Amino acid sequence: MNFILKIWRQKNAQTKGSFKTYLLKDVSPEMSFLEMLDYLNKQIIGNGGEPVTFEHDCREGICGSCGLYINGRPHGPMRNTTTCELHMREFNDGDSIVIEPWRARAFPVIKDLVVDRSSFERIMHAGGFISVNTGSAPESNSNPVSKTIADKAFDAATCIGCGACVAACKNSSAMLYAAAKIAQYAMIPQGKVEAKERVDKMVKQMDAEGFGFCSNTYSCEFDCPKGISVDFIALMNREFFSSKVCKQKQT
Ligand code: FES
């Protein structure tokens with residue numbers, strides 16, 4: 001297969017970037033999208049050029065580091081699929097493919113297709129943990145959690161923190177990310193102890209990082225490679241407002 005690749009090239013955060021066009025020939029349909037970029041880089045290096053910088057780690061949809069904006073969609077055209085799980089057979093021979101980094105003020109470009117997502121880390125540092133001593137692993141039936149709740153908490157915990165929700169949202173909102181991280185704790189007994197404090201701190205940090213408000217278009221859910229539901233945003237809002245009511249009652 002042959003492709004025309006239009007790739008965003010940017011030296012660093014201080015310089016302006018632009019699209020550069022590459023013609024890539026003899027791509028195997030079985031190559032993953034990242035393997036295709038490896039193949040391109042091999043050719044660029046062979047010609048004495050600077051390879052395209054992109055982020056990756058696990059290459060199996062687990063770590064969340066491979067976010068690329070492909071033809072106007074976070075992670076490309078396939079639903080519930082990360083960039084590393086996307087294969088070239090999903091494109092047509094001769095296609096033009098536009099590849100960009102995530103676009104959001106809170107995700108500044110470091111180089112080419114790599115953005116700084118440490119704003120997500122700071123949201124987690126603000127409250128995405130359980131600080132009470134839960135002791136060693138208890139006997140599983142001593143802490144009863146219904147299957148429905150356990151399954152929902154697990155669904156929230158499947159968020160890989162890739163940032164596709166932010167890239168998909170016209171307001172660059174991180175509400176789906178924050179909601180999933182808050183919900184994974186808020187629904188289980190161990191997480192309930194600090195739930196009110198946690199939601200307050202994490203939402204405050206999310207706002208401080210410069211993410212926008214929820215646009216209510218559900219584009220985050222649509223483009224999330226793990227299919228995280230916007231229902232978690234409603235849960236986060238409920239948790240947030242009940243934390244405010246509790247605070248008011250205390251004062
Ligand atoms: S490289 Fe880990 S999710 Fe894609």
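Is Glu-100 buried or exposed? Glu-100 is buried, because its relative accessible area is 14%, and the cut-off for buried is under 20%. This is a predicted model, so please read the points below with that in mind.

**Around Glu-100**

- Strand S5 covers residues 96-100 and pairs with S3 in the antiparallel sense, over two bridges.

**Salt bridges across the chain**

- The structure holds eleven salt bridges, and two further examples follow here.
- Arg-9 and Asp-112 form one of them, their closest N and O atoms lying 3.1 Å apart.
- This pair links distant parts of the chain, 103 residues apart: Arg-9 sits in strand S1 (residues 3-9), while Asp-112 sits in the loop between strand S6 (109-111) and strand S7 (114-115).
- Both of these residues, Arg-9 and Asp-112, are buried.
- Glu-50 and Lys-111 form another salt bridge, with 2.6 Å between the closest N and O atoms.
- Glu-50 lies in the loop between helix H1 (33-46) and strand S3 (69-70), and Lys-111 lies in strand S6, so their bridge ties together parts that are 61 residues apart in sequence.
- Glu-50 counts as partly exposed because its relative accessibility is 43%, and Lys-111 is partly exposed too, at 23%.

**The open sheet**

- Five strands make up an open sheet with mixed pairing, in the order S2-S1-S5-S3-S4.
- Strand S2 (18-24) and strand S4 (73-74) stand at the edges; each has a single partner strand, so one side of each is left without a neighbour in the sheet.
- Helix H1 lies across S1, S2, S3 and S5, and runs at about 90° to S2.

**Helices H3 and H5**

- Helix H3 (residues 147-157) packs against helix H5 (residues 175-186) at an angle of about 145°, and their axes are 8 Å apart.
- The crossing of H3 and H5 is left-handed.
- On the H3 side, Ala-153, Ala-156 and Ala-157 take part in the contact, meeting Ala-180, Ala-183 and Gln-184 in H5.
- The residues of this H3 and H5 contact divide into five nonpolar, one polar and no charged.

Technical notes: Residues are numbered from 1 along each chain as its sequence is written. This is a predicted model: local features need pLDDT of at least 70, side-chain atom pairs count only at pLDDT 80 or more; totals for chains, interfaces and linings use all residues. Side-chain values use heavy atoms; hydrogens and water are left out. A salt bridge is a side-chain nitrogen of Lys or Arg within 4 Å of a carboxyl oxygen of Asp or Glu. Helices (H or I, at least four residues) and strands (E, at least two) are DSSP runs, numbered from the N terminus. Buried means under 20% relative accessible area, exposed over 50%, partly exposed in between (1.4 Å probe, protein chains only). Axes are lines fitted to C-alpha atoms, for helices over the stretch in contact, and angles run from 0 to 180 degrees between N-to-C directions. A crossing is left-handed if the near helix is turned anticlockwise from the far one by less than a right angle, and right-handed if clockwise. Contact means heavy atoms within 4.5 Å. Ala, Val, Leu, Ile, Met, Phe, Trp, Tyr, Cys and Pro count as nonpolar, Asp, Glu, Lys and Arg as charged, and the others, Gly among them, as polar. Two strands pair if DSSP finds at least two bridges between them.
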